[in-house]
Amino acid sequence: STGFRPLQVTAETNWTELKAANPWVVDTKLVVKPDMLFGQRGKHDLVALNVSIEEAEVFTRERLGKVVEVGSPAVSDAVTHFIVERFVPHTEEFYINIESQRECTRILFSHKGGVDIEENWELVKTLDVAVGDEPTRPDMAAFGEFADAMWAFLVEAFRVFEDLDFTMMEFNPLCGIKEDGKLIVIPLDMRGELDDQAAFKNSCLLYTSPSPRDS
């Protein structure tokens with residue numbers, strides 16, 4: 001099943017207690033990455049793939065407190081929160097970005113996502129959705145057998161984007177796999193920004209993050 005609950009870890013995490021409370025991590029290959037709102041985590045050597053829980057602990061301890069510099073203009077801060085979750089073997093990686101514009105909601109999508117999305121930016125397609133409209137399915141042939149699953153995911157992501165007043169929502173990567181005889185798309189990394197002017201109507205869904213950079 002793809003339903004294993006992600007686990008947040010910090011410098012205060014007791015790994016013995018974490019394993020006792022979540023025994024599935026002991027015999028499951030894992031992914032470790034920062035649970036914070038910045039991109040290019042892989043290029044900063046902050047992502048570990050297909051590791052054991054012992055390797056995950058070593059990897060995390062070595063990087064907690066590491067100062068990284070991102071963005072333009074550049075900003076820097078320490079990495080304080082990681083997330084540990086199930087590793088999903090896959091060969092296909094996709095990309096989606098949904099962002100509010102003045103006169104529309106712009107959707108960017110590509111069948112070549114992952115850490116090299118910038119190098120493959122010429123493959124990114126654009127779909128503009130007028131305010132109040134629903135997205136109309138574009139040509140999804142590049143996604144091959146995952147075209148229908150990818151479109152279904154994109155439509156649902158757009159609904160959540162609108163309902164919860166996101167201003168930006170990015171999935172990179174999503175992976176396409178076959179599980180229990182079905183073709184499905186699973187988001188492996190996501191970051192988003194919410195419109196704080198709409199906090200009054202979404203207050204029941206929001207929580208106070210331990211750091212302004214956490215997501």
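Reader: I'm new to this one, so where does Phe59 stand, buried or exposed?
Author: Phe59 is buried in this predicted model, since its relative accessible area is 11% and buried means under 20%.

Reader: And how many aromatic pairs turn up in the whole structure?
Author: A search of the whole structure gives seven aromatic pairs. In one of them, the ring centres of Phe59 and Phe82 are 6.5 Å apart and the ring planes stand at 85 degrees, so this pair is edge-to-face.

Reader: What about Tyr95 and Trp121, how are their rings arranged?
Author: Tyr95 and Trp121 also form an aromatic pair that is edge-to-face, with 5.8 Å from centre to centre and 70 degrees between the planes. This pair, too, links distant parts of the chain, because Tyr95 lies in strand β7 (residues 92-100), whereas Trp121 lies in the loop between β8 (104-110) and β9 (125-130), 26 residues apart.

Reader: Which of these counts as buried, and which as partly exposed?
Author: Tyr95 counts as buried at 3% relative accessibility, while Trp121 is partly exposed, with a relative accessible area of 40%.

Reader: Which residues do ring pairs link into a cluster?
Author: The cluster linked by ring pairs is made up of Phe94, Phe109, Phe143 and Phe146.

Reader: Switching to the sheet, in what order do its four strands come?
Author: The four strands form an open sheet in the order β1-β6-β2-β3, and their pairing is antiparallel. At the edges are β1 (7-9) and β3 (48-51), each of which pairs on one side only. On average, neighbouring strands of this sheet are turned by 25 degrees against each other, with direction ignored.

Reader: Over how many bridges do β2 and β6 pair?
Author: β2 and strand β6 (residues 82-86) pair in the antiparallel sense over five bridges, and the bridge partner of Lys33 in β6 is Ile83.

Reader: Last one: where is Asn22 found, and what is it in contact with?
Author: Asn22 is found in the loop between α1 (15-21) and β2 (30-34), and counts as buried at 9% relative accessibility. Leaving aside neighbours within four places in sequence, Asn22 is in contact with Arg5 and Leu7.

Terms used
Residues numbered from 1 in each chain as written. Predicted model: local features only at pLDDT ≥ 70, side-chain atom pairs only at ≥ 80, totals over all residues. Heavy atoms only, no water. Helix = DSSP H or I, 4+ residues; strand = E, 2+ residues; numbered from the N terminus. Buried < 20%, exposed > 50% of the residue type's maximum accessible area, 1.4 Å probe, protein only. Contact = heavy atoms within 4.5 Å. Pairing = 2+ DSSP bridges. Axes fitted to C-alpha atoms, helices over the stretch in contact; angles between N-to-C directions. Phe/Tyr/Trp six-rings, centres within 6.5 Å; stacked < 30°, edge-to-face > 60°.
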